[in-house]
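Hi,

Here is the structure I said I would pass on.

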Amino acid sequence: MAKIFCVANQKGGVGKTTTAVNLAAGLAQHGQRVLLVDLDPQGNATMGAGINKSELKTSIYEVLLGMSDVTTARKTSETGKFDVLPANRELAGAEVEMVELDNREKRLKDALALVADDYDFMLIDCPPALSMLTLNGLCAAHGVIIPMQCEYYALEGLSDLVNTIKKVHAKLNPDLKIIGLLRVMFDPRMTLSQQVSAQLEQHFGDKVFKTIIPRNVRLAEAPSYGMPGVTFDPQAKGAQAYLAFGAEMVERIKSI
Ligand code: ATP
Ligand code: MG
């Protein structure tokens, strides 16, 4: 049975997609069977895995609305060696259309159950909002990975996300936990980064992943080649960090 994790943070541009795509590729390199679920109408995870979002016949949109299933809609990322449940802008419509459906927070959970035995991990790349789509991600998952930049405003948004996770845990998904906070785009030369990083460790203790992802331009360049950073330039510091993060995740989930 697959373990399912959301990569979530309602702040935009904090590194969710980069984390989801590179963790998927990193876990695949550690021999794990992975499904990357693109739950964002921007379709960035789809493109970053080398799949053209404008040429999809079926996508997560049809799956959420019950017009297709995951076995039909999934694709394989040749560059990352994992499967992808792809998305494009059509998914924005699902948000509205799902409102009328029964069990609307659990559409994704029910859809993924069909392929739970095909994978060791499913990673859900959430959009930058605490929306019905993100709620579907949180209801489907066993845990949440929260990527964050170590800057002042990062901490402010964090409490909204933590409260949402608590509510979902209490009312909709008792399995849900915060697996950890991942420090990304880290610049050790900045005093503020060091301070925020230390604060995070103080407040969240071992909920902060040991691995720190540095700011690394190779990670930013990789998506334009349709490749995860870890396969685009495996020796780059960013790629090495995501590989280490993959190993840390494999270790950490043994205890959950
Ligand atoms: P959105 O909220 O729009 O979905 P996101 O949280 O998924 O954004 P990403 O798309 O992963 O964020 O990253 C935002 C930008 O930062 C991208 O251009 C990405 O290439 C770049 N980026 C992410 N991580 C790093 C890193 N460690 N080093 C350098 N650039 C990075
Ligand atoms: Mg994204």
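A quick definition before anything else: when I say two residues are in contact, I mean that they have heavy atoms within 4.5 Å. Also, this is a predicted model, in which local features need pLDDT of at least 70 and side-chain atom pairs count only at pLDDT 80 or more, while totals for chains, interfaces and linings use all residues. Residues are numbered from 1 along each chain as its sequence is written, chains are lettered from A and ligands numbered from 1 in the order in which they are written, and side-chain values use heavy atoms, with hydrogens and water left out.

With that in hand, take L65. Leaving aside neighbours within four places in sequence, L65 is in contact with E97, M98, L101 and R107. L65 sits in the loop between helix 3 (60-64) and helix 4 (70-73); helices here are DSSP runs of H or I with at least four residues, strands are runs of E with at least two, and both are numbered from the N terminus. L65 has a relative accessible area of 14%, so it counts as buried (buried is under 20%, exposed is over 50%, partly exposed is in between, with a 1.4 Å probe and protein chains only). For a sense of distance, L65 and G205 are 140 residues apart in sequence and 40 Å apart in space, C-alpha to C-alpha.

The overall picture

The protein chain has twelve helices and eight strands. Its C-alpha trace spans about 50 × 40 × 30 Å along the principal axes. The radius of gyration is 17 Å, which agrees with the value near 18 Å that a compact globule of 256 residues would have (taken over C-alpha atoms, with the globule rule being 2.2 Å times the number of residues to the power 0.38). Of the 256 residues, 55% count as buried. If you look at contacts between residues at least 6 apart in sequence, 78% of them join residues at least 24 apart. The chain exposes about 11500 Å², and carbon and sulfur atoms supply 51% of that (Shrake-Rupley areas with a 1.4 Å probe; for residues, only the protein chains shown count as cover).

The pockets

Rolling a probe the size of a water molecule over the atoms shows where empty space is left. A pocket here is an open set of points on a 1 Å grid over the protein atoms alone, where a 1.4 Å probe fits, with protein on both sides within 12 Å along at least five of seven lines; lining residues have an atom within 4 Å of a point. Grid points are joined across faces, edges and corners, and a volume is the space filled by probe spheres set on the points.

The largest pocket has a volume of about 340 Å³. It is lined by 24 residues, and the closest to its centre are T18, M185, L219, A220 and P223. Helix 1 (16-29) gives the most to this lining, with five residues. Helix 2 (44-48), strand 7 (177-186), strand 8 (208-214) and helix 10 (217-221) are among the elements that each supply at least two. By class, the lining of the largest pocket has 14 nonpolar, nine polar and one charged (Ala, Val, Leu, Ile, Met, Phe, Trp, Tyr, Cys and Pro are nonpolar; Asp, Glu, Lys and Arg are charged; the others, Gly among them, are polar).

The second largest pocket has a volume of about 180 Å³. Of its 14 lining residues, the closest to the centre are M1, I4, K109, A140 and H142. Helix 6 (107-113) and helix 7 (132-140) are the elements that give two or more residues to this lining, and the largest share, three residues, comes from helix 6. The classes here are ten nonpolar, two polar and two charged. As for helix 7, nine of its nine residues are buried.

Most residues other than glycine have a negative phi. M185, in strand 7, has a positive phi near 50 degrees, and with a relative accessible area of 27% it is partly exposed. K81 also has a positive phi, near 60 degrees; K81 lies in the loop between strand 3 (75-77) and strand 4 (82-85) and is exposed at 61% relative accessibility.

G13 lies in the loop between strand 1 (3-7) and helix 1. Beyond its neighbours within four places in sequence, G13 is in contact with Q149 and M185, and at 62% relative accessibility it counts as exposed.

Cheers
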